[in-house]
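Work through the exercises below with the sequence and the model side by side. Try each task before reading its solution.

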Amino acid sequence: MAAEVLNLKLASSATVSYGDAFGSEDFKLLEVDERILKELLQDGLTIKGGPDDEAVLCTSAATYAIKYVSTSNTVLLIPPSEKITNGNNDDGMGFTMAQVVATSSGHLELVETAPQLDNLKTLLNQRPYVEDLEGGQMQEDEPLEGLYSWDDLTTMVQASDRQLKEALKALNAVQIGDYWRVVDERFMQGLLEVIFLSAVQHDWDLKCLQEAAVVQALKDDCYSPQIVRHCLSCYGKKGSTLLNDCKTSHLWELDDTKVCLHYAKLLLRDSAKWKLEEFMKEWRRTTPAGMEPSIEMLRGEALVEKLGPESWLQLYSISSLPTKPADRFSALFKERAKWEWDDLEPYLRDMQTPGQSVEAMLLKYTRKTQPTASSAAIYTAR
């Protein structure tokens, strides 16, 4: 029936009346583009949000805020129907009868937005993985409190499936059985130490570790193959395409920066502040031989503060900051009232707000001052 009204031919007419079901509040109009419409019809879309959240709509790859847009003209909602009531006017011209079931003075509009991932960190940190039991599998009598499956996370986290997978990868989460977990850093430290000791014992090249050999060697230390592979993926990268003298495709090349950062974070957690020189000395001592720590590795993970003639270092990791721009800048300015660009930039690089650049966010949330042309720019809260 609606199609007949929309496709009226020249010199024809339509008689519109209120139907028996008029006044229903069950209808909402949603405006989407062709790409989203295709996915809606084929696979469906999901609206996510708890009682205290602003609802978002998620496709397979993106997250959208849902905005209500008022219109000046009232829209009549006429349902589709296979049966069309046709008739003739007094002049013999045809007409169509259409019944209105509801009216609308606005519609819902989608605006792409960043996924809301802060609660993902909270959920995964409730129960980090701290030891191997039964080869990494859950025991039958083990409580499930604080454990979340993929279905749980897709329900509780306001993000598309693709964005959720990327966030889990960024957090170095691993699926153990049915549940996604982050691995305790102290546990991971112990595992890394065993890998390095095994490398010395077996004369392995840290740039060409054979996965099968590492897994087999660590079985005697009660580390499950899954956790060993996860550790290699967290601190290394596939190296088969880089090294020609290795014949197997299951190779790992440990990444100097990732390994050095791991040991730096452990030291920074042991003490609130370090004198920079003392920290660098201890960092070099604890880092495996052949890997050279650099202060540049700490950008976005630690802050250097000058107090008189000395420089002090403290842990301040980007992973601990909120993802929403307003909350991110608020947290940054609580830590420091003034920021130089070189210190601030590492804490902004991961913010991905569709349609809004870092420069635009700086204009919105900060004030920039520069006393002289040669001096460093200073950013304060707006």
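Contact means heavy atoms within 4.5 Å. This is a predicted model: local features need pLDDT of at least 70, side-chain atom pairs count only at pLDDT 80 or more, and totals for chains, interfaces and linings use all residues. Residues are numbered from 1 along each chain as its sequence is written, and side-chain values use heavy atoms, with hydrogens and water left out.

**Exercise 1. The whole chain**

Task: State how many helices and strands the protein has, and what share of its residues is buried.

Solution: Start with the secondary structure. Helices (H or I, at least four residues) and strands (E, at least two) are DSSP runs, numbered from the N terminus. The protein has 13 helices and 19 strands. Next, burial. Buried means under 20% relative accessible area, exposed over 50%, and partly exposed in between (1.4 Å probe, protein chains only). Of the 382 residues, 38% are buried. Last, contact range. Take the contacts between residues at least 6 apart in sequence: 62% of them join residues at least 24 apart.

**Exercise 2. Thr63 and its partners**

Task: Find where Thr63 sits, and which side chain it joins in a polar contact.

Solution: Locate Thr63 in strand 5, residues 63-77. Check its accessibility: at 0% relative accessible area, Thr63 is buried. Now list its contacts beyond four places in sequence. They include Val56, Leu57, Cys58, Val111, Glu112 and Gln163. Then look for polar pairs. A polar contact is a pair of N or O atoms within 3.5 Å; within protein, one must be able to donate a hydrogen and the other to accept it, and residues adjacent in sequence count only if both atoms are side-chain atoms. The side chains of Thr63 and Gln163 make such a contact, at 2.6 Å.

**Exercise 3. The two sides of helix 5**

Task: Sort the residues of helix 5 into buried and exposed.

Solution: Take the buried set first: Gln163, Leu164, Ala167 and Leu168. These residues cover an arc of only 135° around the axis, which puts them on the same side of helix 5. The arc is that of the directions from the helix axis to the C-beta atoms. The face turned away from this buried side carries the exposed Arg162, Lys165, Lys169 and Ala170. Now ask what the buried residues pack against: strand 5, helix 3 (118-124), helix 4 (150-156), strand 9 and strand 10. Finish just past the helix. There Asn172 takes a positive phi of about 55°. Asn172 lies in the loop between helix 5 (161-170) and strand 9 (173-176). It is partly exposed, at 35% relative accessible area.

**Exercise 4. Helix 6 against helix 7**

Task: Describe how helix 6 and helix 7 pack, and which residues make the contact.

Solution: Two packed helices are described by the angle between their axes and the distance between the axes. Helix 6 (residues 185-202) and helix 7 (residues 211-219) pack at about 110°, with axes 10 Å apart. Helix 6 and helix 7 are therefore roughly perpendicular. Helix 6 supplies Leu191, Val194, Ile195, Ser198 and His202, and helix 7 supplies Val214, Ala217 and Leu218. Here axes are lines fitted to C-alpha atoms, for helices over the stretch in contact, and angles run from 0 to 180 degrees between N-to-C directions. Angles under 35 degrees count as roughly parallel, over 145 as roughly antiparallel, 65 to 115 as roughly perpendicular and the rest as oblique.

**Exercise 5. Helix 7 and beyond**

Task: Name the buried residues of helix 7, and the exposed ones on the other side.

Solution: The buried residues are Glu211, Val214, Val215, Ala217 and Leu218. They span an arc of only 165° around the axis, which puts them on the same side of helix 7. Ala212 and Gln216 are exposed on the other side.
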